[in-house]
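Hi,

Here is the structure I promised to pass on. Please open it, then read my notes below.

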Amino acid sequence: PDTLGSHALDRVTTGDEACAAVQALHPNALAPLECIVATYADATLYVAAYPDADAARQDLLRMAMRLADGVAGFTPVAFDEGPAGSVFRTTGHGADHLFFRRGRAVVWLEQPTPDTAAERDLVDYGFPAFIGDSGA
């Protein structure tokens, strides 16, 4: 999205550079086909797109379960079930982390403290490039 809460989009990285950044955070994850890393003031948005919604769901659940087991440096994961699906949250490494799936994409927002307006904008954003026949 062009804005998250009151923060305008500062920078977007795509392609191999973005996928390298995503995979550096989650080296044991499935390899995404497409990646986007976007910065908004002091928040960073990571989007990893997979071949289909099942692969994205599998990677999201793997991350959530790993965090639920108490990965070093992170609080146990919590989640809320909303109209658009499950939204997971944890804190760690000096930041608040919100992550969820939209279609064939896993979306992860890292920010210093929770920002309700930014989170609402992100959860409400449709990620149209990653929704389609395989994006249920």
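Which side chain makes a polar contact with the side chain of H97? That of W108, at 3.2 Å. A polar contact is a pair of N or O atoms within 3.5 Å; within protein, one must be able to donate a hydrogen and the other to accept it, and residues adjacent in sequence count only if both atoms are side-chain atoms.

Some background. This is a predicted model, where local features need pLDDT of at least 70, side-chain atom pairs count only at pLDDT 80 or more, and totals for chains, interfaces and linings use all residues. Residues are numbered from 1 along each chain as its sequence is written, and side-chain values use heavy atoms, with hydrogens and water left out.

H97 sits in strand 8 (residues 95-102). Strands are DSSP runs of E, at least two residues, and helices are runs of H or I, at least four, numbered from the N terminus. H97 is buried, at 3% relative accessible area. Buried means under 20% (1.4 Å probe, protein chains only). A polar atom of the H97 side chain also lies 3.0 Å from the backbone oxygen of G92.

W108 turns up again with M63. Leaving aside neighbours within four places in sequence, M63 is in contact (heavy atoms within 4.5 Å) with H26, F99, V106 and W108. M63 belongs to helix 2 (residues 53-68). M63 is buried too, at 6%.

Last, Q111. Find Q111 in strand 9 (residues 105-111). Its relative accessible area is 4%, so Q111 counts as buried. The Q111 side chain makes a polar contact with the side chain of E119, at 2.7 Å.

Best wishes

Key:
Buried < 20%, exposed > 50% of the residue type's maximum accessible area, 1.4 Å probe, protein only.
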